[in-house]
Amino acid sequence: MADSGKMLEGSPHSRVVPVQTPQSKPKQVHYPFWFGGSASCFAASVTHPLDLVKVRLQTRALDAPKTMVGTFVHIVKNNGVTGLYSGLSAAMLRQITYSTTRFGIYEELKSRIASPTSNPAGAPSMVTLIGIASASGFIGGIAGNPADVMNVRMQHDASLPPAQRRNYRNAIHGLVQMTRTEGFSSLFRGVWPNSTRAILMTASQLASYDTFKRMCIEKAGMADNLGTHFTASFMAGFVATTVCSPVDVIKTRIMTASHAEGGGHTIVGLLRDICRKEGLGWTFRGWVPSFIRLGPHTIATFLFLEEHKKLYRKLKGI
């Protein structure tokens with residue numbers, strides 16, 4: 001009996017395996033870098049018309065419709081239903097570059113910082129999540145800037161007088177034309193407000209989603225299921241829209257301008273001109289269509305991302 005006790009006490013099967021199994025399990029779940037970009041592309045294909053309306057409202061002329069519904073009707077009447085998908089190729093290119101980078105770096109850093117156990121207390125704090133999300137967003141903003149410039153221009157193009165339209169056939173054609181006519185530096189027009197927005201977006205969207213999801217599970221007793229993912233992503237979309245609205249307007253104004261239209265203005269000069277002409281109301285211009293677009297986009301992105309992860313775990317037998 002004494003020998004049995006020693007064997008149980010010193011047995012690797014009774015001591016080491018139960019402790020190491022839960023520790024090694026999370027380490028096996030290392031998701032592919034491109035999951036975030038793939039989920040964002042699916043989401044963008046659904047919400048692109050809403051993003052188009054947001055850009056049109058932010059850059060509208062004085063005689064253009066002032067409401068979201070009016071802008072929708074105006075686009076369909078003048079450009080048809082397909083006009084709602086103007087610039088879709090650029091939107092896809094943007095997600096492939098921008099979202100793949102920011103989601104991939106964020107998930108990679110989060111997995112490295114997180115505790116190897118499944119204990120919730122070992123998860124990164126909100127401050128840590130905001131820090132790694134900010135770094136991820138900054139790099140993603142730079143990587144995705146050329147596609148973002150093209151996305152905004154292609155969405156804005158149909159609202160211009162025919163003589164002023166750029167008439168890019170697709171995103172690649174637009175990038176080539178921009179480089180030829182305006183120089184390579186035009187691809188990074190608005191890169192600093194865009195990177196600032198990317199920092200704010202990633203910190204307010206990804207970090208808040210993980211925080212809200214954790215609160216739903218730990219505080220509200222919700223299961224890690226579709227309902228929890230929807231709730232957390234809805235709240236994350238609200239936070240992201242509010243935080244990013246002012247920078248989003250500035251970014252859109254800079255990217256749609258050419259040098260002849262004042263594209264060479266500094267950010268300070270642009271802010272001064274906007275405040276003088278429009279007051280402080282410009283900071284949340286297009287907030288409602290931004291939320292109506294970003295809310296569903298955020299929800300769709302995280303739902304698709306969670307399904308990507310679920311399918312990956314199933315295929316890997318985790």
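How many residues does H11 have, and how far does H11 reach from its first C-alpha to its last? Select H11, residues 287–316. H11 has 30 residues and reaches 42 Å between those two C-alphas. That is close to the 44 Å expected at 1.5 Å a residue. Keep in mind that this is a predicted model.

Step just past the end of H11. Gly 317 sits there, with a positive phi of about 70 degrees.

**The largest core**

Now select Tyr 106, Phe 302 and Leu 305. These residues have the most contacts inside the largest nonpolar core, which has 17 residues. Colour the elements that give two or more residues to this core: H3 (35–58), H5 (88–113), H6 (126–157), H8 (191–218), H9 (226–256) and H11 (287–316). Which helix gives the largest share? It is H8, with five residues.

**Aromatic pairs**

Show the aromatic rings next. The whole structure holds 13 aromatic pairs. Start with Phe 234 and Phe 291. Their ring centres are 5.9 Å apart and their planes stand at 80 degrees, so this pair is edge-to-face. Phe 234 is in H9 and Phe 291 is in H11, 57 residues apart, so the pair links distant parts of the chain. Is Phe 291 buried or exposed? Phe 291 is buried, at 16% relative accessible area. Phe 234 is partly exposed, at 40% relative accessibility.

Phe 238 is in H9, 53 residues from Phe 291 in H11. Phe 238 is partly exposed, with a relative accessible area of 44%.

Then select Tyr 31, Trp 34, Phe 35 and Tyr 312. Together they form one aromatic cluster.

**A last stop: Asn 167**

Go to the loop between H6 and H7 (171–182), and pick Asn 167. Its phi is near 55 degrees, a positive value in a residue other than glycine. Most residues other than glycine have a negative phi. Why does Asn 167 count as exposed? Its relative accessibility is 52%, and exposed means over 50%.

Key: Residues numbered from 1 in each chain as written. Predicted model: local features only at pLDDT ≥ 70, side-chain atom pairs only at ≥ 80, totals over all residues. Heavy atoms only, no water. Core = buried A, V, L, I, M, F, W, Y, C linked by side-chain atoms within 4.5 Å. Buried < 20%, exposed > 50% of the residue type's maximum accessible area, 1.4 Å probe, protein only. Helix = DSSP H or I, 4+ residues; strand = E, 2+ residues; numbered from the N terminus. Expected span 1.5 Å × (residues − 1). Phe/Tyr/Trp six-rings, centres within 6.5 Å; stacked < 30°, edge-to-face > 60°.
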